[in-house]
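I opened this notebook to record what I looked up in one protein model.

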Amino acid sequence: MIIGYMRNAKEPTNLAKLTALSCKEKGIELLYIRPSDIDIENSKVTGHIFSEDHWKLVETDIPEFIDVTPYCFKRKNKKVMDFLIDCTTLSYEPLKYNLYKDTEI
C-alpha cells in the first residue's frame, strides 16, 4: 500500500524520513509529493519513496489516501487540490479547507 505525504518543501524533510521508516515497519510505502508533482491529465504523480537509506524518484498512480499539510491549500494549487479532493481521500485540517473552498479566485 502506498500513501501520499504532501508537503510544499522541495526536498523531503527529516520528519518525512522518520515517517517513511515508521510506515515501512507497517508494510506501507510513504510517497513524498508536492502539489506540483501531480499530473492531472494522466492521473499520475512523480514523487519520492524512501528506500535503502535514500529517496528514490518514482512515477505512480495517485495514491488513494494523501496526508496534506494545510499549507498546500494555496491559490496557485487550487486546480490540483480540487482534483485530488474529487479522486482521493485527503487527510487535512477541515477549517483550512473550508476557508480555501469558499475563496473566490
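The entries below begin with the conventions and then turn to the model.

**Conventions.** I worked from a predicted model, in which local features need pLDDT of at least 70 and side-chain atom pairs count only at pLDDT 80 or more, while totals for chains, interfaces and linings use all residues. Residues are numbered from 1 along each chain as its sequence is written, and side-chain values use heavy atoms, with hydrogens and water left out.

**Fold.** I noted three helices and seven strands, taken as DSSP runs numbered from the N terminus (helices: H or I, at least four residues; strands: E, at least two). Their order along the sequence is β-α-β-β-β-β-β-α-β-α. Of the 105 residues, 37% are buried, meaning under 20% relative accessible area, with over 50% exposed and partly exposed in between (1.4 Å probe, protein chains only). I then looked up the contacts (heavy atoms within 4.5 Å). Among those between residues at least 6 apart in sequence, 56% join residues at least 24 apart.

I next examined strand β4, residues 44-51. It pairs with β5, residues 54-61, in the antiparallel sense over eight bridges; pairing requires that DSSP finds at least two bridges between two strands. I49 stands opposite K56 in β5. Two residues separate the strands of this hairpin, and E52 in the turn has a positive phi of about 50 degrees.

V45 is in β4 and is buried at a relative accessible area of 1%. Leaving aside neighbours within four places in sequence, I found V45 in contact with residues including L31, I33, V58 and P63. The C-alpha atoms of V45 and P63 are 8.5 Å apart, with 18 residues of separation in sequence.

**Aromatic rings.** I looked up three aromatic pairs, defined for rings of Phe, Tyr and Trp (its six-membered ring) with centres within 6.5 Å; planes under 30 degrees apart count as stacked, over 60 as edge-to-face and the rest as tilted. The rings of Y5 and Y32 have centres 6.2 Å apart and planes at 45 degrees, so this pair is tilted. Y5 lies in strand β1 and Y32 in strand β2, so the pair ties together parts 27 residues apart in sequence. Both Y5 and Y32 are buried.

F50 and W55 form an edge-to-face pair, 5.2 Å centre to centre with 70 degrees between the planes. F50 is buried at 4%. I recorded that ring pairs link Y5, Y32, F50 and W55 into a cluster.
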